[in-house]
Amino acid sequence: MAKVKVATDWLAACAGCHMSVLDMDERLVQLLDKIELTSTPITDLKHPPKEGATVGILTGAISNTTNIEVAKQMRERCQILIALGDCAVFGGIVTMRNFFDMNEALKRAYVETESTVDGKVPCSEELGTPVRVCAVNQVVKVDIHIPGCPPSPDAIYYALSELLEGRIPVLTGDNLKYD
Amino acid sequence: MQKITIEPVTRIEGHAKVTIHLDDAGKVERAFFHVNEWRGFEKFSEGRPFFEMTQITPRICGICPVSHHLASAKACDVVAGVKPPRTASLLRELMHMGQMIQSHSMHFFELAGPDLLLGFDADPAIRNVVGIVQANPELALKAVRLRGFGQDIIKRLGGKRVHPVFAVPGGVNAPLSVQDRDAILAQIDEMTEVIKTGLAIAKQWCEANMDLINQFAVFPSSYMGLVDEEGGLQLYDGKVRLVDKDGRKLEEFDPQDYLTYVGEHVEDWSYLKFPFYRKMGWPNGTYRVGPLGRLNAATKINTPMAAEEFKVWKSINGGKPVEGTLWFHYARLIEDLYAIERAKEILLDPDILSTDIVADTGTFAGEGVGCVEAPRGTLFHHYKTDANGMLTKVNLIVATGHNNWAMSKSVEMVAKAFVDGKKLTEGMLNRVEAAIRAHDPCLSCSTHAIGAMPIVIELFGPDGSLLQRLTRD
């Protein structure tokens, strides 16, 4: 049987959710018999394959224009999209930025911080533009939400195993946590 | 002028892209390392109680949450005017050694390792940890277990592998149990052997690739790291030592005084700031941190096996600082060995099971700096509060930031040495990425090739207008 193609990416994230994927330890190695990791931050394939992947996993919140582009491409190229972790599910800790004026927050970081000398706010066309922080499903349709900061390796293993069995995972008990 | 874009840079933590600007003859003129991420912790922490920072700041990074947790706790100690009991400091350091083991081991075997073990020009479809699993399953499983061991230390102390809850202002929230001490000790010798296997692979690779190492981003700089009173490598606590390109001591200062010594420069084209040594100014005062910076700044290592490797390290450049960027990998594994030896020392300390783990009185100071050596370099947290303990100012200088200039310089040097705009190969661009990877950057902390990999080449006219755009995906 052909392996199930899985793509992952991170948006405004701390990498903790991808660490939790790695924290499946030996179980991740076993899963590799059944799944093919295409684009992920830990492989050198940089975008989900044009011919598509079965499962796409996004971690992190939408925080800038680049995040929006990445989320849209993942949605277009994947049959099932998973929002993994509190940031992807709710917006997470970065939404605290929404309580402040964006320019004031940028000024604090790049001009006013005590260690900064002759600062300015970076504005090159090479950089994404910050936007009001939101969850992934506020930009693209999400099929499965797995909360947790990060979700436990057990919860991630359960969700992937259910999908491999052709079932939509329903998280309950210890697998459903928000911390 | 043509521009090559590598986006995203992979097998690093966070979001970055590289633009390589070619002249009309296809030679590299300039290259830029753009960090495309800004989240705003400095601002959105304002107005919150200071003691929440031990839980907020680990969300800066899921690879080194423990470093942020501990730098934060140390800053909170000073804010609250409390000094943790010895056992609490040892337990915090033990958790930090767990993080060093998992982070350094993961970087060597799972992120940078594929370049070294499979080759820079290997098929990008297999040049990753899955490729390592296929090429050497036994080694890969050992590596997975080693990383898991580091994470297990963290979980036993703080309840979770990522974003643990353990340190509080004045100490830690739970003593170490006999069962947990014995469970960690039971695995420690086996895991030390796995680190030694990695070290042997790194040394073998260095010996076999000396020509490459000597032409791959070799440049002088100053170096920074925490040391003890005798100049010994420290990762949890100590004075910040800064040495010049010849290894002469420039400064040794208490982290509370960091603003006297460290300034930050901003460029338009990156959300990551560029720290520098204030007395030498920007850009002369730039320096390197992390494993290379620390081993170049330290004069000794206090654990026996790592001390032996440190002698080899100091012999590489005749006692002077080691300048080659690829030497980062060897340095990282020497530190990995130190971390596991230090973890064993701590676990065997007679005070380690004490329940005297939190200071109960102090004189509120309202301002404090916390500093640890995160896996990627020196990390500063600086908090100011009002009389009620609500945060008024937060300043963070993160480990990867200190290396921003060095990563940018490495990218440009490697692009000039290896990229031929007329005969572009995927492997050339992977080498540029490897120059960044060697630093093991963590870009979430601090604020994507050809062939099967996507690449964008844009051709601009003399007036800056876009003439042609070629993309492969």
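Predicted model: local features only at pLDDT ≥ 70, side-chain atom pairs only at ≥ 80, totals over all residues.
A pocket, as I use the word here, is an open set of grid points with protein on both sides within 12 Å along at least five of seven lines.

**Entry: a pocket**

I looked up the second largest pocket and got about 660 Å³ of space. Its lining comes to 23 residues. I wanted to know which of them lie nearest the centre, and they are B:Lys74, B:Ser89, B:Tyr236, B:Asp237 and B:Gly238. Then I asked which elements supply at least two residues each, and found α3 (65–80), α4 (86–118) and β12 (367–374), which belong to chain B. The largest share, five residues, is from α4(B). I sorted the lining by kind as well: 10 charged, eight nonpolar and five polar.

**Entry: where the chains meet**

Next I turned to chain A against chain B. How much area do they bury between them? I noted about 6000 Å², with 60% of it on carbon and sulfur atoms. On the A side, the residues that lose the most area to chain B are A:Asp44, A:Lys46 and A:Glu126. Together these three make up 13% of what that side buries. For the contact itself I wrote down 59 residues from chain A and 81 residues from chain B.

**Entry: helix α10 of chain B and its partners**

I followed α10(B), residues 290–297, to two other helices, starting with α11(B), residues 304–315. The axes of this pair are 11 Å apart and the angle is about 90 degrees. Angles of 65 to 115 degrees count as roughly perpendicular, so that is what I call α10(B) and α11(B). From α10(B), the contact uses B:Leu292, B:Leu295 and B:Asn296. From α11(B) come B:Phe310, B:Trp313 and B:Lys314. Four residues of this contact are nonpolar, one is polar and one is charged.

The other partner is α12(B), residues 328–347. Here I have an angle of about 75 degrees, with the axes 8 Å apart. That makes α10(B) and α12(B) roughly perpendicular too. On the α10(B) side I listed B:Gly290, B:Pro291, B:Leu292, B:Arg294 and B:Leu295. The α12(B) side brings B:Phe328, B:Ala331, B:Arg332, B:Ile334 and B:Glu335. By kind, the contact of α10(B) with α12(B) has six nonpolar residues, three charged and one polar. I see B:Leu292 and B:Leu295 in the α11(B) contact, and again in the α12(B) contact.

Most peptide bonds are trans, and most residues other than glycine have a negative phi. I went looking for exceptions.

- A:Pro150 sits in the loop between β7 (144–146) and α6 (153–164) of chain A.
- In chain B, the bond from B:Trp282 to B:Pro283 is cis, and its omega is near 0 degrees. I placed B:Pro283 in the loop between β10 (274–277) and β11 (287–288) of chain B.
- B:Arg11 is in the loop between β1 (2–6) and β2 (16–22) of chain B.

Methods:
Residues numbered from 1 in each chain as written. Chains lettered and ligands numbered in written order. Heavy atoms only, no water. 1 Å grid on protein atoms, 1.4 Å probe; cavity = no way out; pocket = protein on both sides within 12 Å on 5 of 7 lines; lining within 4 Å. Points joined across faces, edges and corners; volume = space filled by probe spheres on them. Helix = DSSP H or I, 4+ residues; strand = E, 2+ residues; numbered from the N terminus. Nonpolar A, V, L, I, M, F, W, Y, C, P; charged D, E, K, R; others polar. Axes fitted to C-alpha atoms, helices over the stretch in contact; angles between N-to-C directions. Parallel < 35°, antiparallel > 145°, perpendicular 65-115°, else oblique. Contact = heavy atoms within 4.5 Å. Buried area = accessible area lost by both parts, 1.4 Å probe.
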